[in-house]
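Dear colleague,

I am writing to hand over a structure that may be new to you. Please find the sequence and the coordinates below, followed by a summary of the findings.

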Protein chains: 2
Amino acid sequence: MEEQKDNVIYVGKKPTMGYVLAALTQFTNGAKEVIVKARGKLTAKAITVAEVLRNKYLPQAEVKSVKIGTEEVTGEDGKTIRVSSIEITLEKNE
Amino acid sequence: MEEQKDNVIYVGKKPTMGYVLAALTQFTNGAKEVIVKARGKLTAKAITVAEVLRNKYLPQAEVKSVKIGTEEVTGEDGKTIRVSSIEITLEKNE
C-alpha cells in the first residue's frame with residue numbers, strides 16, 4: 001500500500017469544489033506542494049480541481065508536474081482491470 | 001483559430017481505439033512526435049489513448065510532456081464557458 005500523505009488529495013465522486021477547498025486548505029496550512037491524484041474518468045475532474053484552484057483562488061500556485069500512468073484495480077469480483085491515472089503536483093510560489 | 005497540424009490528435013466522442021490507431025498511424029508514417037489533445041470530460045479519454053498506445057502498441061513511445069489548462073468555449077447559445085484541457089506530447093524513441 002502507498003503511504004497516505006497529508007498533502008495528497010485523492011479526487012473522488014464528490015463535487016469538484018470540495019477538492020479545491022481541500023487543496024487550498026493544505027496550502028493555507030503551510031504546504032509548499034499539494035499533489036492531486038485521480039483514476040479513470042475522475043482524471044478529468046482532477047485537472048479541473050487544479051485549474052479552478054489556480055485560476056480562481058490561488059494564482060501563486062503553479063503546476064510543477066503532471067504525470068500520467070496506468071494502475072491495476074481489483075474489483076469486488078476479484079477481477080483486475082487497468083485504469084488510467086493522473087498525478088498533478090501543484091507548487092505555491094512565495 | 002488554431003492551425004490544424006498533422007501530428008495533433010483531437011480526442012472526441014468516438015471509441016478510444018480509433019484515436020489510438022490514429023496516433024499509431026502518425027508514428028508509423030514517420031512522425032517523431034504526436035500530440036494528443038482533449039477538453040472537458042474527454043481529457044480522461046486522452047490519457048487512456050496515450051496509455052493504451054504506450055502499453056499495448058508502441059513501447060518506444062514516451063510521454064515527453066503533459067500540459068493542463070483552461071479554454072473558453074462558446075456554445076450555440078452564444079454563452080462562453082470555461083473547460084479544462086489537456087495536451088499530451090508523445091515522442092518515439094528510435
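The notes that follow take up the interface between the chains, the helix packing and the salt bridges.

Please note at the outset that this is a predicted model.

Interface. Where chain A meets chain B, 19 residues of chain A are in contact with 19 residues of chain B. The area buried between the two chains is about 1,400 Å², and carbon and sulfur atoms give 63% of it. Across this interface there are 6 residue pairs in polar contact, with both residues at pLDDT 80 or more. On the side of chain A that touches chain B, the elements giving two or more residues are α2, β3 (61-74) and β4 (80-92) of chain A. Helix α2(A) supplies the largest share of that side, 7 residues. By class, the residues of this side of chain A divide into 8 nonpolar, 8 polar and 3 charged. The count of salt bridges between chain A and chain B is 0.

Helix packing. Two packed helices are described by the angle between their axes and the distance between the axes. Helix α2 of chain A (residues 42-57) packs against helix α2 of chain B (residues 42-57) at an angle of about 115 degrees, and their axes are 7 Å apart. The crossing of α2(A) and α2(B) is right-handed. On α2(A) the contact is made by T43(A), A44(A) and I47(A), and on α2(B) by T43(B), A44(B) and I47(B). This contact comprises 4 nonpolar and 2 polar residues, with no charged ones.

Salt bridges. Over all chains, the whole structure holds 7 salt bridges. One of the salt bridges joins the side chains of E33(B) and K64(B), at 2.5 Å from N to O. E33(B) belongs to strand β2 (residues 33-39) of chain B and K64(B) to strand β3 (residues 61-74) of chain B, so the pair ties together parts that are 31 residues apart in sequence.

With kind regards

Notes:
Residues numbered from 1 in each chain as written. Chains lettered and ligands numbered in written order. Predicted model: local features only at pLDDT ≥ 70, side-chain atom pairs only at ≥ 80, totals over all residues. Heavy atoms only, no water. Axes fitted to C-alpha atoms, helices over the stretch in contact; angles between N-to-C directions. Helix = DSSP H or I, 4+ residues; strand = E, 2+ residues; numbered from the N terminus. Left-handed = near helix turned anticlockwise from the far one by under 90°. Contact = heavy atoms within 4.5 Å. Nonpolar A, V, L, I, M, F, W, Y, C, P; charged D, E, K, R; others polar. Buried area = accessible area lost by both parts, 1.4 Å probe. Salt bridge = Lys/Arg side-chain N within 4 Å of Asp/Glu carboxyl O. Polar contact = N/O pair within 3.5 Å; in protein donor to acceptor, adjacent residues only side chain to side chain.
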